[in-house]
Amino acid sequence: GGPASLSRFRGSLVAAVLGDCVGGEFEGAEDVPVENVLQHLNSLDDESKGSGILEYSDDTAMARCVVQSLLTRASFDEQDMARRFAKEYSSSPGRGYGSGVIQVLKKLSSPQLSDVYQPARDQFNGRGSFGNGGAMRAAPFALAFPDLADVKRFARLGAMLTHSCSLGYNGAVLQALAVHLSLHGALNLPQQFIDRLIAEMEEVECDEAVQNDARILKEAEKPFCERLHRVRDLMNRSKVSIEEVISELGNGIAALHSVPTAVFCVLHCLQPREIFPNSYGGVERTIAYSLALGGDTDTIACMAGAIAGAHYGLETIPQSWIRCCEGAEDADVSAERLHMLYHQSSQGG
Ligand code: F2R
Ligand code: MG
Ligand code: MG
């Protein structure tokens, strides 16, 4: 489909859910042989060997809250979104949430709470979380708002409900930016795609809070820009090993060690790779590669899936994968509704 087509919306939201569901198998694993990834993914194709329904985790649970809030309010409403996060956690707490964010979600359920951003500010002795929990649910912002300034602003505010450290919420901004650009066909020119991401993040990271957080955490002055430069170096190399990707970009639970990694997974898998079957399409390659990195596989595959799905569209995703992932069909329905909201907004409606 063309820029911002329905197929791209459906591909993005559905592939994010698939990444989360299939990635859960390897979350936290240090070494994931490619054969194990292929075996896991093959079992999705063969219903007789199938492992039943793969459940989604916190990544999808929170993204569903973002989607429902944006659709119901037809805008960003922090009170509504915070209430949905708290309600979702209390009704289904066993989705594998980060150990810190649980405190925020419990506080958000208090009717006495006046400032919904305060619980996040109190995290980690007032430093705020730098985890990737804001980024893992950021894709819907790119699917709801046509204007890039809105995408950046609301992805940031949506993440700040749980992640007040700039190294947390700027991961969400980067993820939403990547989905926005992909939705508009920017991955057809990969070099320009990464250059545009760097230029946008240069502006985002030109900020006092970023400088303070980066200094305290002993990171580069503009941490995400520095990582994106590493992505650009790696994507321009003729050969790169999984070990090099992990040591240069990371595969961990921090947004800084996972969002640029997800962007790299998408760029690296734009061409067929000999480690994967020729029959694999781009979304399959991207998710498989994310899993092979080990570490925070559900989240990296979820974020990479959202970016890749916005590029390749729904038609490239195997139906057998959709059938065995909890929430994938719901995501498809929500994507249609987001597509309508997006195009109403872009027509000033
Ligand atoms: N939590 C997991 N996976 C491991 C546990 C799974 C579960 N026990 C099970 O087996 O089912 N996955 C999910 O968490 C990630 C998103 O986390 P989020 O929402 O960012 O949470 P949190 O707690 O805010 O941050 C995560 C951890 O990062 C460290 N951290 C963050 N900020 C810090 C700071 N300022 N100082 C020190 N440490 C900080 C802490 O260890 C946090 O617990 C996704 O992977 C999702 O899939
Ligand atoms: Mg998870
Ligand atoms: Mg995870």
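1. A handy definition to start with: a residue is buried if 20 or more other C-beta atoms lie within 10 Å of its own, exposed if 12 or fewer, and partly exposed in between, with C-beta atoms placed from the backbone. Alanine 4 is partly exposed, as 18 other C-beta atoms lie within 10 Å. Alanine 4 sits in the segment before H1, and its phi is near 55°, a positive value in a residue other than glycine.

2. A word on what you are looking at. This is a predicted model, in which local features need pLDDT of at least 70, side-chain atom pairs count only at pLDDT 80 or more, and totals for chains, interfaces and linings use all residues. Residues are numbered from 1 along each chain as its sequence is written, while chains are lettered from A and ligands numbered from 1 in the order in which they are written. Helices (H or I, at least four residues) and strands (E, at least two) are DSSP runs, numbered from the N terminus.

3. Now to the ligand. Which residues come nearest to ligand 1? Of the 23 residues around ligand 1, these are Gly98, Gly100, Ser129, Gly131 and Gly133 (a residue is near a molecule or strand if its C-beta atom, placed from the backbone, lies within 6 Å of it). The shell around ligand 1 holds 6 nonpolar, 11 polar and 6 charged residues. In this scheme Ala, Val, Leu, Ile, Met, Phe, Trp, Tyr, Cys and Pro count as nonpolar, Asp, Glu, Lys and Arg as charged, and the others, Gly among them, as polar. Helix H3 (58–73) and helix H17 (297–312) each supply at least two residues of that shell.

4. Helix H17 also packs against helix H16 (residues 282–292): their axes come within 9 Å and cross at roughly 160°. That angle makes H16 roughly antiparallel to H17. Axes are lines fitted to C-alpha atoms, for helices over the stretch in contact, and angles run from 0 to 180 degrees between N-to-C directions. Angles under 35 degrees count as roughly parallel, over 145 as roughly antiparallel, 65 to 115 as roughly perpendicular and the rest as oblique. H16 passes H17 in a right-handed crossing (left-handed if the near helix is turned anticlockwise from the far one by less than a right angle, right-handed if clockwise).

5. On the H16 side, the contact with H17 is made by Gly282, Val283, Thr286, Ile287, Ser290 and Leu291. The H17 side includes Ala301, Ala304, Gly305 and Ala308. Two residues are in contact if their C-beta atoms, placed from the backbone, lie within 7 Å. By class, the residues of this contact divide into 8 nonpolar, 7 polar and no charged.

6. H1 (6–23) is another partner of H16. H1 and H16 pack at an angle of about 35°, with their axes 10 Å apart, and their crossing is right-handed. Gly11, Ala15, Leu18, Gly19, Val22 and Gly23 in H1 meet Val283, Ile287, Ser290 and Leu291 in H16. This contact has 6 nonpolar, 4 polar and no charged residues.

7. Is H16 mostly covered or exposed? H16 is mostly covered, with 11 of its 11 residues buried. Among the buried residues are Glu284 and Arg285. The cover over the buried residues of H16 includes helix H1, helix H2 (34–45), helix H14 (242–249), helix H15 (259–268) and H17.

8. A look at either side of H16. Asparagine 278 lies in the loop between H15 and H16, and asparagine 278 counts as exposed because it has 6 C-beta neighbours inside 10 Å. Glycine 294, which follows H16, has a positive phi, near 70°.

9. Helix H7 (residues 123–126) holds phenylalanine 124, whose phi is near 50°, a positive value in a residue other than glycine. Phenylalanine 124 is partly exposed, with 13 C-beta neighbours inside 10 Å. Glutamine 123 is also found in helix H7, and glutamine 123 is buried, with 22 other C-beta atoms within 10 Å. Not counting residues up to four places away in sequence, glutamine 123 touches Gly100, Val104, Gly128, Ser129 and Ser164.

10. Last, leucine 108 lies in helix H5 (residues 101–108). Leucine 108 is buried, as 24 other C-beta atoms lie within 10 Å. Leaving aside neighbours within four places in sequence, leucine 108 is in contact with Ala82, Phe85, Ala86, Leu113, Val116 and Pro119.
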